[in-house]
Amino acid sequence: MAWLLVDNSNTRTKFALGDAGGLLEARTWIPTAEISAAVLETKFAGWEFEGTLLCSVVPEKARILRDHLVKHGPVHPLTWKSAMGLEIDYPNPEQIGADRLANAIGVTARHGAPAIVIDFGTAVTFDVVSAGPAYCGGVIAPGLGAMQDYLGKRTALLPQIELEEPASAIGKSTVEAMRAGAVFGYRGLVREIVAKLRIEMGGNPVIVATGGDAGLIARGLPEIGAVDPDLTLEGLRLAALMNLA
Ligand SMILES: Nc1ncnc2c1ncn2[C@@H]1O[C@H](COP(=O)(O)OP(=O)(O)O)[C@@H](O)[C@H]1O
Ligand SMILES: CC(C)(COP(=O)(O)O)[C@@H](O)C(=O)NCCC(=O)O
Ligand SMILES: [K+]
């Protein structure tokens with residue numbers, strides 16, 4: 001039995017099929033801004049699935065996704081009330097972004113707990129899972145892409161740039177200087193936040209990175225034990241097993 005797994009995040013919406021054994025070959029993504037009923041009509045030709053695990057942090061798009069996918073079978077929206085195999089140690093759990101819950105499920109199953117999972121998406125999120133395992137909370141910081149877009153939009157002379165490894169910290173052009181600010185700046189942000197989280201957590205958590213910019217930033221950070229690009233989708237696959245099977 002296969003399920004459709006949907007990670008409806010702010011920049012990209014990722015789709016994959018998964019079953020009890022793992023993620024399957026079928027994968028695709030679309031820019032979240034482009035999701036519409038018409039686009040979804042043609043998206044899953046040839047994909048066979050019994051139901052959908054829908055993880056959304058974009059309510060307006062979640063409604064469009066649900067209204068379309070319910071024609072293919074049951075749709076389970078991931079919330080703090082879903083079966084997750086984790087306790088939740090958080091005062092107001094309905095606030096927690098569903099993608100953060102998916103990451104907590106994924107990291108616990110694939111890398112163990114205690115853990116810190118860092119998702120370099122539109123926002124950079126840090127989520128802490130205790131040995132329990134329990135979801136404990138974390139940190140929300142601006143994402144690299146968002147920060148670069150903001151500089152491009154709010155200044156007269158700074159361009160929109162492609163993020164890549166800077167040649168040196170002393171930038172010799174506007175673009176090189178912006179790359180140094182983004183990449184070295186983010187590595188510093190991650191280092192400081194991880195150090196603070198580790199002190200508050202105690203013990204020796206595994207530290208795993210995922211999300212669009214994970215590879216670029218983790219490359220220069222020995223603190224990060226692993227980059228796991230499929231962590232969110234794997235969390236959703238496990239949530240499907242617990243809530244749809
Ligand atoms: N093809 C791509 N399209 C959009 N963003 C990309 C792409 N490849 C890498 N990125 C980077 O990934 C980030 C978005 O990561 P992603 O994990 O898709 O975000 P979200 O989960 O919030 O939708 C952007 O900041 C961008 O720098
Ligand atoms: C923090 C987020 C914006 C991250 O979204 P993403 O970068 O994955 O698109 C999202 O998880 C969210 O909207 N969360 C709700 C607030 C919270 O988690 O406290
Ligand atoms: K995400």
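The following exercises, each with a worked solution, concern a predicted model.

Residues are numbered from 1 along each chain as its sequence is written, and chains are lettered from A. In this predicted model, local features need pLDDT of at least 70 and side-chain atom pairs count only at pLDDT 80 or more, while totals for chains, interfaces and linings use all residues; side-chain values use heavy atoms, with hydrogens and water left out.

**Exercise 1. Determine where the annotated binding site lies and how far it extends in space.**

Step 1. An unreviewed UniProt entry assigns the feature "binding site" to Asp-7, Asn-8, Ser-9, Asn-10, Thr-11, Arg-12, Thr-13, Lys-14 and Thr-122. UniProt positions are in the numbering used here, feature names are shortened, and annotations may be inferred rather than shown by experiment.

Step 2. These residues are spread over 116 residues of sequence but cluster in space, with a largest C-alpha distance of 13.6 Å.

Step 3. Among them, Asp-7, Ser-9, Asn-10, Thr-11, Arg-12, Lys-14 and Thr-122 belong to the lining of the largest pocket. On a 1 Å grid over the protein atoms alone, a pocket is an open set of points where a 1.4 Å probe fits, with protein on both sides within 12 Å along at least five of seven lines; lining residues have an atom within 4 Å of a point.

**Exercise 2. Describe the surroundings of Asp-7, Ser-9 and Asp-99.**

Step 1. Asp-7 is located in strand E1 (residues 3–8), and Ser-9 in the loop between E1 and strand E2 (12–19). Asp-99, which carries the annotation "active site" in the unreviewed UniProt entry, is in helix H3. Helices (H or I, at least four residues) and strands (E, at least two) are DSSP runs, numbered from the N terminus.

Step 2. Asp-7 is buried because its relative accessibility is 6%. Ser-9, at 11%, is buried, and Asp-99, at 13%, is likewise buried. The cut-offs are under 20% relative accessible area for buried, over 50% for exposed, and partly exposed in between (1.4 Å probe, protein chains only).

Step 3. Leaving aside residues up to four places away in sequence, Asp-99 touches Asp-7, Ser-9, Cys-55, Val-57 and Thr-232. Contact here means heavy atoms within 4.5 Å.

Step 4. The side chains of Asp-7 and Ser-9 are joined by a polar contact of 2.7 Å. Such a contact is a pair of N or O atoms within 3.5 Å; within protein, one must be able to donate a hydrogen and the other to accept it, and residues adjacent in sequence count only if both atoms are side-chain atoms.

**Exercise 3. Identify the largest nonpolar core and the elements that supply it.**

Step 1. A nonpolar core is a set of buried Ala, Val, Leu, Ile, Met, Phe, Trp, Tyr and Cys residues joined through side-chain atoms within 4.5 Å. The largest has 28 residues, and Leu-5, Leu-53, Leu-78, Ile-105, Val-107 and Leu-236 have the most contacts inside it.

Step 2. At least two residues of this core come from each of E1, strand E4 (51–56), helix H3 (98–111), strand E7 (115–120) and helix H7 (231–243).

Step 3. A second, separate core has 23 residues, including Ile-118, Ala-182, Val-183 and Leu-197.

**Exercise 4. Contrast the setting of Pro-91 with that of Asp-99.**

Step 1. Pro-91 lies in the loop between strand E6 (87–88) and H3.

Step 2. Pro-91 is exposed, at 82% relative accessibility, whereas Asp-99 is buried.
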